[in-house]
Amino acid sequence: MTTIDRTRLHHLYARETQLFIETHPQSAAFYRRAQSSLLGGVPMNWMKKWAGPFPIFVKSANGAHFVDVDDRDYIDLCLGDTGAMTGHSPPVVADAVARRAREGITLMLPTEDSVWVGEELRGRFGLPFWQFTLTATDANRFAIRIAREITQRPKILVFNYCYHGTVDESFATIADPGSGAVGPRRGNIGPPVNPAATTRVVEFNDLAALESALKHNDVACILAEPAMTNVGIILPGDGYWRAARQLARRYGSLLIADETHTICAGPGGCTREWNLDPDLLVFGKPIGSGIPGATYGCTEEVAQRISARVHLEDCDVGGIGGTLAGNALSLAAMRATLEHVLTAAAFEHMIPLAKRFTDGVAAQIRAVNLPWNVTQLGARAEYTFTPRPPRDGAESYAASDFELERFLHLYALNRGVLLTPFHNMALMCPATSKADIDAHTKIFPDATRALLT
Ligand SMILES: Cc1ncc(COP(=O)(O)O)c(C=O)c1O
């Protein structure tokens with residue numbers, strides 16, 4: 001199989017960096033200016049991770065494209081890493097948000113939109129009761145609290161190399177594959193405790209390991225993406241979720257399906273596509289087209305069990321909720337998004353485009369015999385540097401190649417295509433066109449040819 005020459009890779013990255021600097025003078029100037037007011041020169045630390053010596057600063061974004069401060073136009077396959085899976089600023093959402101902004105943004109009182117959204121979520125995911133937060137991280141944290149409270153168990157279980165937002169318990173990996181001992185994930189900043197105290201970690205797609213972990217009878221909940229999407233895309237094996245669900249029931253643990261990314265599988269996420277039967281479900285990011293908001297829902301049984309334990313007098317100090325959560329503006333954005341943007345028809349447009357992307361990348365991987373693969377999940381696709389799709393987090397993580405990834409991203413960026421900075425992911429939105437995908441299908445072979453000749 002073809003291998004990558006590292007000297008050549010470094011040389012090409014330097015060449016692409018030079019091109020990037022020459023063509024982005026305004027972004028460079030903003031970045032220099034930001035050094036004296038923003039920590040690290042960016043408003044949020046992840047923004048340092050983009051390929052290239054500085055991030056591009058954005059002037060405007062619309063649909064599947066955005067324009068930077070140097071007046072360059074880009075096809076956006078990152079889409080705010082799913083926050084803008086609706087496309088940027090869908091007009092119907094912009095109108096609803098503008099209207100609501102003039103009529104009261106936040107009141108700590110419900111609006112009619114909240115009822116409409118609750119009913120819609122009930123229909124989409126099949127879970128009867130819903131609550132709102134500002135971020136998917138918060139929704140996960142609150143779902144975990146509920147699980148701990150009603151099971152009276154201390155631990156949660158996550159899959160190795162998962163990502164569920166900045167949830168302390170989830171920054172845990174298998175530190176010693178031999179014993180399965182858990183430790184803080186590399187890069188974990190100031191962990192409040194060693195996550196071994198709060199978290200059990202097993203590999204995805206390993207039912208025996210899951211059962212061993214649940215057998216301790218101390219796991220309140222499994223927090224899981226139905227398919228892993230944050231360490232490449234890792235699909236569940238046949239029958240995995242049916243069996244995992246039964247194990248959770250047998251050992252008294254709840255199942256939280258985090259559909260924040262896997263909503264790409266369809267209007268009701270993987271939960272509907274694959275008939276999953278979670279006790280709680282979390283969905284954030286694009287639910288309001290990027291206006292901050294997220295939700296968690298639960299079964300009738302969970303609702304009854306938690307209601308029985310929460311007393312009215314204490315309900316504002318129990319560690320669940322937030323002053324701005326469930327605000328009128330978020331709910332107006334969610335209603336417009338669910339009613340008009342993330343519709344069944346939109347998925348019928350997006351999913352074939354993800355297939356088109358996948359086919360284009362797969363054809364080039366085959367043509368040059370690279371030991372890479374590409375996997376599609378609904379409207380999302382991702383290539384990883386392993387010959388076969390990885391089966392679990394450790395396998396996928398071991399195949400990551402930061403330098404190679406950065407070169408491919410910068411090469412695409414210099415030619416007007418933005419991929420997600422943390423991996424090789426492409427996401428479709430309702431405004432993405434075949435021409436957008438075909439642009440990537442042309443650039444990707446050019447990049448690989450540059451690497452190999
Ligand atoms: C699966 C999943 N859940 C939750 C989150 C957290 O979302 P947020 O950062 O908006 O809180 C993320 C973020 O990437 C995610 O990928």
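User: What is the strand order in the open sheet?
Analyst: The open sheet has seven strands in the order β4-β12-β11-β10-β9-β5-β8, and the pairing is mixed. Strands here are DSSP E runs of at least two residues, helices are H or I runs of at least four, and both are numbered from the N terminus. Two strands pair if DSSP finds at least two bridges between them. This is a predicted model: local features need pLDDT of at least 70, side-chain atom pairs count only at pLDDT 80 or more, and totals for chains, interfaces and linings use all residues. Residues are numbered from 1 along each chain as its sequence is written, and side-chain values use heavy atoms, with hydrogens and water left out.

User: Which are the edge strands?
Analyst: β4 (129-133) and β8 (199-202), each pairing on one side only. From one strand to the next, the twist averages 20 degrees. Angles run from 0 to 180 degrees between N-to-C directions, with axes fitted to C-alpha atoms, for helices over the stretch in contact.

User: In which sense do β9 and β10 pair?
Analyst: Parallel. β9 (residues 219-224) and β10 (residues 254-258) share four bridges. I222 has L255 in β10 as its bridge partner.

User: Which strands does α9 lie across?
Analyst: α9 lies across β4, β10, β11 and β12 (294-298). It runs at about 95 degrees to β12.

User: At what angle do α5 and α9 cross?
Analyst: Roughly 70 degrees, and the axes of α5 (residues 136-151) and α9 (residues 300-307) come within 9 Å. That makes α5 roughly perpendicular to α9. Angles of 65 to 115 degrees count as roughly perpendicular, under 35 as roughly parallel, over 145 as roughly antiparallel and the rest as oblique.

User: Which residues of α5 and α9 make the contact?
Analyst: I146, E149, I150 and T151 of α5, with V302, R305 and I306 of α9. Contact means heavy atoms within 4.5 Å.

User: Now α6 and α7. At what angle do they cross?
Analyst: Roughly 10 degrees, with the axes of α6 (residues 207-214) and α7 (residues 240-250) coming within 10 Å. The two helices are therefore roughly parallel to each other.

User: New topic: is D81 buried or exposed?
Analyst: D81 counts as buried, at 10% relative accessibility. Buried means under 20% relative accessible area, exposed over 50%, and partly exposed in between (1.4 Å probe, protein chains only). D81 lies in the loop between β3 (73-76) and α3 (91-102). Its phi is near 40 degrees, a positive value in a residue other than glycine.

User: And N275, buried or exposed?
Analyst: N275 counts as exposed, at 67% relative accessibility.
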